[in-house]
Structures are given as C-alpha cells and as structure tokens.
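The entries follow in the order of the search.

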Amino acid sequence: MTAPGESLPLHHLLVADDEPHIGRIIKMKLEQGPFRVTLAYDGREAIDLLRRSSDVELVLLDLMMPHLSGLDVLQAIRADVRWEGLPCVILTAAGQEQQHRRARELGATDFLTKPFSPKKLYARVAALVGVDIGEKEADE
C-alpha cells in the first residue's frame, strides 16, 4: 500500500496509432492510473521511440499505420532480444482476420477490436503489467 503523499510507480507504455484522437483517448484513460503513455503516430516512430526508451513495459499497436504497419513493428520487436518478453497488444478493426492471424503468428500478446471499451483496455493493460485494479474496477 502506498503511504499518503507517496506516488505509485508509473508503468511506461507506448501507444502507436496513426489516428491522433484514438491515441489521445487511450492516453487520457490509461494516465488515470499508474501509467505514463508515449504516443507514436506511425510504425517507424514507434520503433524509434522504443529504441530510445529502455523502460517501456507494454506496447499497443494499431495494425494499419503509415511507413511501417503494426505487423512490421511487431516483427521488429520480436526479432530483438531486448524486447522478446515485451507484451504487445494489437488494436484491430473488424474485418482484419488475416492480419489478426499473422499478428498471432508473430507473437502478439493480446488483441482489442475497435471500437473498444476504455475500461476493458485499462483492465487488460493493467493485467499485462501486473497492476492490481481491484474487483470493482475489473467488473465495470
């Protein structure tokens, strides 16, 4: 338990989505908890940010992005020993079954289908990085 005035440690997350409003929604929801979110707007930027940040604990990847797709980023992550255990959650739109299959083959940790519930997103991210959100929040 955290003492009064003591802050919880922040878990650094990388969110890669080329739609700025989706990135902002994700960032706002996750930063209500013990998370610090860095946004990338294309696949190349996501890999650059990951290379410069040694403390990223989870990556949320949109599949369809400019320069490098979410699949390209996932493949690069899984090919680098520094990130072999890094949880990668894929954000998919309905109708992307082939990409979903490929992401699973490449080692995606989990999937969320757009549109997704911000509470469900928060609960999945919290579980993957080991944050206890309590029964009440998990049920909502």
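I took a charge to sit over a ring if NZ of Lys or CZ of Arg is within 6 Å of the ring centre and within 35 degrees of the ring normal. In this predicted model, I found Arg82 over the face of Trp83, at 4.6 Å from the ring centre. Lys29 lies over the face of Tyr122, at 5.6 Å from the ring centre.

I then followed Tyr122 to its ring partner. Phe35 belongs to strand S2 and Tyr122 to helix H5, so the pair, 87 residues apart, links distant parts of the chain. Both Phe35 and Tyr122 are buried.

Next I asked which residues Leu13 touches beyond four places away in sequence. Phe35 is one of them, and the others are Leu30, Arg36, Val37, Thr38, Leu58, Val125 and Val129. Leu13 lies in strand S1 (residues 11-16) and is buried, with a relative accessible area of 0%. From Leu13 to Leu50 I noted 9.8 Å between C-alpha atoms, across 37 residues of sequence.

Finally I looked up the cores. The largest nonpolar core has 24 residues, and Leu14, Leu50 and Ile90 are among those with the most contacts inside it. Elements giving two or more residues to this core include S1, helix H2 (43-52) and strand S4 (88-93). A second, separate core of 21 residues includes Leu13, Leu30, Leu112 and Ile133. I recorded that Ile90 touches Leu112, and also Leu61, Leu74 and Phe111, among others.

Conventions
Residues are numbered from 1 along each chain as its sequence is written. This is a predicted model: local features need pLDDT of at least 70, side-chain atom pairs count only at pLDDT 80 or more; totals for chains, interfaces and linings use all residues. Side-chain values use heavy atoms; hydrogens and water are left out. Helices (H or I, at least four residues) and strands (E, at least two) are DSSP runs, numbered from the N terminus. Buried means under 20% relative accessible area, exposed over 50%, partly exposed in between (1.4 Å probe, protein chains only). Contact means heavy atoms within 4.5 Å. A nonpolar core is a set of buried Ala, Val, Leu, Ile, Met, Phe, Trp, Tyr and Cys residues joined through side-chain atoms within 4.5 Å.
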